[in-house]
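User: I would like to learn how to read backbone and packing features in a model. Please take them one at a time.

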Amino acid sequence: MTHSRREFLIGCGSLIVSFRAGVLSAQDRGPFGTHLSHIDPEKLDSWLAVHSDGIITAYAGKCDFGQGIFTAQSQLIAEELCVPIGRVKLIQCDTSVTPDQGTTSGSQSTPTNFNSENLALAAATAREALLSLAGKKLGEPVEQLTLADGVIIGKMGRRVRYEELIGNQHFNLPLSATARRRSAADWTVLGKPIPSLDRTALMTGQFEFVHHVRVAGMLHGRVVRLPGMGATVAHVDEQSVGNVRGLVKVVVRKDFVGVVAETQYGAALAARQLAVQWNPGPELPPQRKFFDYLQKQPARDLLSVDSGDIDAQLAAGSSVIRARYTYPYQMHGSVGASCAVADVKPEGATVWSATQSAYPTRSIVAKLLDMPPDKVRVIYVRGSGCYGLNGADAASFDAAILSQAVGRPVRLQFSRQDEMMWENLGSACVVEHRAALAQDGRIVAWDREDWVASLGNRPGYDQPGNVITGMLLGYEPEPIEPRSAKPPAGELRNQSNTVPSYFAGCVGGSCDGGGTIRSERALTHTVRSPFFTGPLRSPLRIQNTFANECFMDELCAQAKSDPVDFRLQHLENSRVIGVLRAAAKAAGWQARSLARAADIPRAHTVSGRGIACVAYEGDNGYAALVAEVDVDLETGSVRPKRFVIALDCGPISNPDGLRNQTEGGILQGMSRALVEEVTWDEKRVTSADWETYNTLYLDYEMPAIETVFVTPPNVPATGAGETAITVTPASIGNAIFDATGARLRDLPFTPARVKAALLDRAHRDEKAQV
Amino acid sequence: MSEITLNVNGKQHALAVDPETPLLFVLSDELGLRGPRFGCGMAQCGACTVIMRGQVVRSCVMPLKAVGQNEVTTLEGLGTPEKPHPIQQAFIDEGAAQCGFCLSGVILTAKAVLDVKPDASDQEIRDALGGVLCRCFAHTRMLRAIRKYAEARGA
């Protein structure tokens, strides 16, 4: 693959896709809640083209960063058009040729492109259009025609190939709202475990990551970040790098500082050596008291549900249980430090970026360079797995600024510290629960309140200040205006899984929560974070589900009920019930009403099992997970031994890809539950590399994982990449309780915390005996 | 700057590069190789791994001058897409990756330990992988692929 980028574009369909740059105003809103681009998603030609050699090029606005969507989207096109997958060429996220589908995130790619709209609808429209053309050409009614391998065959055996009908020509058709998807029962490519298309190139070292993009005349850049949040540049001593060989320029723009050199080594040396005097920022709140701090800050409040009777019901309940859960800041922590390449010329700019948001990145780059968006082209090239908003966006902005400053293409490579000290962290949260049980053990009222630390986010189309680069250039992050909550209105919104699955979820006269608890309240306080935050895989869903599902287990223990039975008693959502039953069955779950710990208190290592379930984002995927763990009572070490998960995400595009995502999600969730936590001192983030930020390396003895898919008939496809991770911390916490009788309410479950919880439990037992 | 000769994947390269330059930058920028990648620059993650004298080396912290006449093997030096090395084939068969950024560390480290000790136990293989990081957590598939390769190799 040594062709230039330009040849690549020409070879892949610029002949066919129309360019109408600049026709639409960048302020208009498109169908994805995005700005309209020059590529009209209502037109078939924007999504798909048939070439004269029979190759089908598809243009998708959802990109693959390791989650398998490249293969799945290729399967979708092959399936709908009845061609072998090898004849599909997929172009993903290039603002000059693909439709604007916003950001590839939030487990939205599958619901967006695999149901009855967008890419799926385009493919179905194309198939019907080809059949119609063939009918005319062969002089036969469409109903008599069959398709196979890119050939349409008439009743009399006459054949016509797609490329003979429309090779290298536009369809000139709108997407047809009535175009029918091929029935899942007939699928031969979609729904099958097709080996991921990138694997041979990956395993043999041939795959092109953004780190490998090379442009003629390219220089190398590094950034020099501030020593702590809020610091500003006082003075930059350019003399300090005067001796660096091949240094091209020191670039300073407000508080943005970077260096550009002929070689990567030169840039790295210069960045390390450059003497910058900074005016310090304010002190950070102390980490050990951070959650108390968080709960005292001014907040923007939101009520997701409020039945209005919660205090009265809690007062009337036979017993009231309270608990407070905390979840730390965690990192995306990509293995590869982020990288981007930019080529900024006065007439236009090109950025090769691993961003999940090609079009939004285009708008932000345009803003930072003071160029119209249609003069900027963003080409997605895979980076290191990101799991959300890692450094890819900031690196892309940095590369563009450096390239503009030197007038040559620049490859920007972050250092490990640039990546880990300045990424948008997963939010720290506190959740406080209060619930009342009736005499019969059923939950009659549940009140939950959470505090979320938030600053910045994805930059979107117009918020550069949401990530570090924008802030350094003087842009503010989107504001959090403190305000009290209004009563919930409209319909239940549970995108962050604030509302537990057991709530009736009654809003505006409709109860869509999926549970039985009718005295309910869920109040969220969003507080300004001292660090940037952003969507880390299962954003807020994992935090909330950890707190909700562990507390549900506490209520279950109080009611002396079995954790599966107790959940079923409070559930009405058939899909959550479905996965819960399936996981329990597959795991060989045996009902018992007391923690196993009660039976074997004296052993050195004790075992237990726990369960947790979720309706991801309320209705975007369903999972139940059984964890089996060993706990070493002397060291406090927790060892997960086995996970059994049941997953319902509707029709599955690629079972092997889904298994891969599910296994990785559980293990990543296990790492986050057991060891991951951002640390800081009074000035800065101190977990700045792999010595200081804990994660599980490949030497960790991994548990066995069993995956069961539950697929009800006639349901749409949902997201699946974030469901498994969402339930993992809670399932482990509940298994630790089962094993030891000790409840862990603070993540991660470090040995020290486990030992403290064991001691706490022992004290309670002693008191109970006295 | 004097010229330095570097042996990589069976080919000799004459390079005019600062001898202090980390080997990784030379492999990436001068030779255009894609196997070894910049992960941390601190020998903490393994993404830049290459093999030298049968040992795994973190090329991000090894200056070019320390390589001498030693043959350097990168991930692309093992096999090609048309003819992958058996350990690469095992990873292909198992689909043992997600983003794939870490693969040089995983595949080359496993190969190196099995070259020295073909009957290495699972524990010994894991111990060898102690400094190798995969943040997608494709661990289960990776260890299955390595086990499969080890068994086929021993047979």
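User: Which residue just after H18(A) takes a positive phi?

Analyst: Gly741(A) does, with a phi of about 80° just after H18(A). Helices here (H or I, at least four residues) and strands (E, at least two) are DSSP runs, numbered from the N terminus. This is a predicted model, where local features need pLDDT of at least 70 and side-chain atom pairs count only at pLDDT 80 or more, while totals for chains, interfaces and linings use all residues. Residues are numbered from 1 along each chain as its sequence is written, and chains are lettered from A and ligands numbered from 1 in the order in which they are written.

User: How do I check the length of H18(A), and where does H18(A) bend?

Analyst: The expected span of a helix is 1.5 Å times one less than its number of residues. H18(A) covers residues 723-740, and its 18 residues reach 27 Å from first C-alpha to last, close to the expected 26 Å. A bend at a residue is the angle between axes fitted to the seven residues ending there and the seven starting there. In H18(A) there is a bend of about 25° at Pro729(A).

User: Why is H18(A) described as largely enclosed by the rest of the structure?

Analyst: A residue is buried if 20 or more other C-beta atoms lie within 10 Å of its own, exposed if 12 or fewer, and partly exposed in between, with C-beta atoms placed from the backbone. For H18(A), 18 of the 18 residues are buried, so the helix is largely enclosed by the rest of the structure.

User: What follows H18(A) in the chain, up to H19(A)?

Analyst: A loop, in which Pro748(A) is found; H19 of chain A then covers 751-769. The peptide bond from Leu747(A) to Pro748(A) is cis, with omega near -10°. Pro748(A) is also touched by Glu677(A), as are Pro328(A) and Gln330(A), not counting residues up to four places away in sequence. Two residues are in contact if their C-beta atoms, placed from the backbone, lie within 7 Å.

User: Where is Glu677(A), and is Glu677(A) buried or partly exposed?

Analyst: Glu677(A) sits in the loop between helix H17 (655-674) and strand S26 (704-709) of chain A. It has 19 other C-beta atoms within 10 Å, so it is partly exposed. The C-alpha atoms of Glu677(A) and Met331(A) are separated by 7.7 Å, although the two are 346 residues apart along the chain.

User: Which element of chain A gives the most to the side that touches chain B?

Analyst: In total, 51 residues of chain A are in contact with 54 residues of chain B. H6 (199-203), H7 (264-273) and H17 of chain A each supply at least two residues of the side that touches chain B. H17(A) gives the most to that side, with 7 residues.

User: How many residues does the largest nonpolar core have?

Analyst: A nonpolar core is a set of buried Ala, Val, Leu, Ile, Met, Phe, Trp, Tyr and Cys residues joined through C-beta atoms within 7 Å. The largest has 282 residues, and those with the most contacts inside it are Ala583(A), Ala623(A), Leu625(A) and Ile736(A). Helix H4 (residues 118-138) of chain A gives the most to this core, with 10 residues. Beyond four places in sequence, Ala623(A) touches residues including Val579(A), Tyr616(A), Leu647(A) and Val727(A).

User: What is the phi of Glu617(A)?

Analyst: Glu617(A) has a phi near 55°, a positive value in a residue other than glycine. Glu617(A) lies in the loop between S23 (605-615) and S24 (622-632) of chain A, and is buried, with 22 other C-beta atoms within 10 Å. In chain B, Ala43(B) also has a positive phi, near 60°. With 17 C-beta neighbours inside 10 Å, Ala43(B) counts as partly exposed.

User: Which elements make a right-handed β-α-β unit?

Analyst: A crossover is right-handed if, with the strands pointing away from the viewer, the path from the first strand over the helix to the second runs clockwise. Here S2(A), helix H2 (residues 69-81) of chain A and S3(A) make such a unit. Two strands pair if DSSP finds at least two bridges between them; S2 (residues 56-60) of chain A and S3(A) pair in the parallel sense over 5 bridges. Thr57(A) stands opposite Lys89(A) in S3(A). In H2(A), 13 of the 13 residues are buried, and in S3(A) 4 of the 5 are buried. Just after H2(A), Cys82(A) takes a positive phi of about 55°.
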